[in-house]
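Thanks for coming. Please have a look at the sequence and the model, and then I will go through a few places in it.

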Amino acid sequence: MAIVGDLVANLTANPTGFLSGLNAAARGLAGFAKQAASSAVRVGGSMAAMATGVGVVAAGAGMAASIQAFRESEQAGKKLDAVLAATGGAAGLTGDEIRKLAGDLQAVTNYEDDATIGAAGVLATFTQIKGDTFKSALMAAQDLSSVMGTDLQSSVVQVGKALNDPIRGITALSRVGVSFSQEQKDQIKRLQESGDLTGAQAVILAELQKEFGGAARAMADPLTIVGNQVGDIAETF
């Protein structure tokens with residue numbers, strides 16, 4: 001168990017060392033593959049042909065998966081950039097800032113950066129959600145999805161509706177189990193009607209934090225995190 005504990009700690013806190021080891025392992029596998037191919041040649045031409053055929057099929061499947069992952073990543077990024085441009089940057093964040101946030105969250109949750117970037121593209125259509133509130137909304141959507149077992153896109157729409165127009169939008173959150181007292185509802189209405197939209201949004205985010213805060217991190221699986229990081233390597237390749 002001590003070994004497993006050390007593995008989990010290093011995967012979460014120090015993935016750089018693990019990925020260096022992963023690269024070394026890949027080089028070792030490449031060397032093994034060359035030796036295996038040489039042995040196959042010595043055994044006979046038919047066995048070599050079989051090994052080559054299997055290798056080509058495996059390599060082709062891996063390459064196809066990597067290309068598809070790369071395309072999905074590019075599509076998520078393009079969607080985000082298109083929405084930011086269409087809304088005149090209403091989110092108050094650049095595409096690069098959102099991508100960095102997505103990468104940071106990928107390192108501590110089960111959510112791929114591409115999934116978070118895609119969700120951010122949807123959230124950016126709600127033009128009253130800006131700056132730090134935008135960041136908090138993304139994290140709140142991840143927490144909500146983690147607890148409720150819903151997909152991130154659905155949660156980000158519910159959170160987006162609530163924050164974009166708090167008086168009407170909190171109904172969407174109430175339907176999925178977020179509880180607002182009458183006092184909170186009155187406070188939200190008073191703040192929004194007085195022009196303090198940020199204050200009304202803060203009340204909603206505070207309740208989400210109270211009920212779901214930190215769930216995405218608490219439920220993170222270190223192996224899923226590493227798998228997502230390896231997926232990024234495949235996309236880059």
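Is Ser155 buried or exposed? Ser155 is buried, because its relative accessible area is 0%; buried means under 20% relative accessible area, exposed over 50%, and partly exposed in between, with a 1.4 Å probe and protein chains only.

Before going on, a word on the source. This is a predicted model, where local features need pLDDT of at least 70 and side-chain atom pairs count only at pLDDT 80 or more, while totals for chains, interfaces and linings use all residues. Residues are numbered from 1 along each chain as its sequence is written, and side-chain values use heavy atoms, with hydrogens and water left out.

Back to Ser155, which lies in helix H7. Helices here are DSSP runs of H or I with at least four residues, strands are runs of E with at least two, and both are numbered from the N terminus. Leaving aside neighbours within four places in sequence, Ser155 is in contact (heavy atoms within 4.5 Å) with Ala141, Leu144, Ser145 and Thr150. With Ser145 there is a polar contact between the two side chains, at 2.6 Å. A polar contact is a pair of N or O atoms within 3.5 Å; within protein, one must be able to donate a hydrogen and the other to accept it, and residues adjacent in sequence count only if both atoms are side-chain atoms.

Now the whole protein. The secondary structure comes to twelve helices and zero strands. Of the 237 residues, 35% count as buried.

Next, the inside. The largest nonpolar core has 43 residues. Such a core is a set of buried Ala, Val, Leu, Ile, Met, Phe, Trp, Tyr and Cys residues joined through side-chain atoms within 4.5 Å. Among the residues with the most contacts inside this core are Leu173, Ile204 and Leu208. Leu173 is itself in contact with Ile204 and Leu208, and also with Val159 and Phe180, among others, leaving aside neighbours within four places in sequence.

Is Thr236 buried or exposed? Thr236, in helix H12 (residues 222–236), is exposed, because its relative accessible area is 70%. What separates the C-alpha atoms of Thr236 and Ile67? They are 9.3 Å apart, although the two residues are 169 residues apart along the chain.
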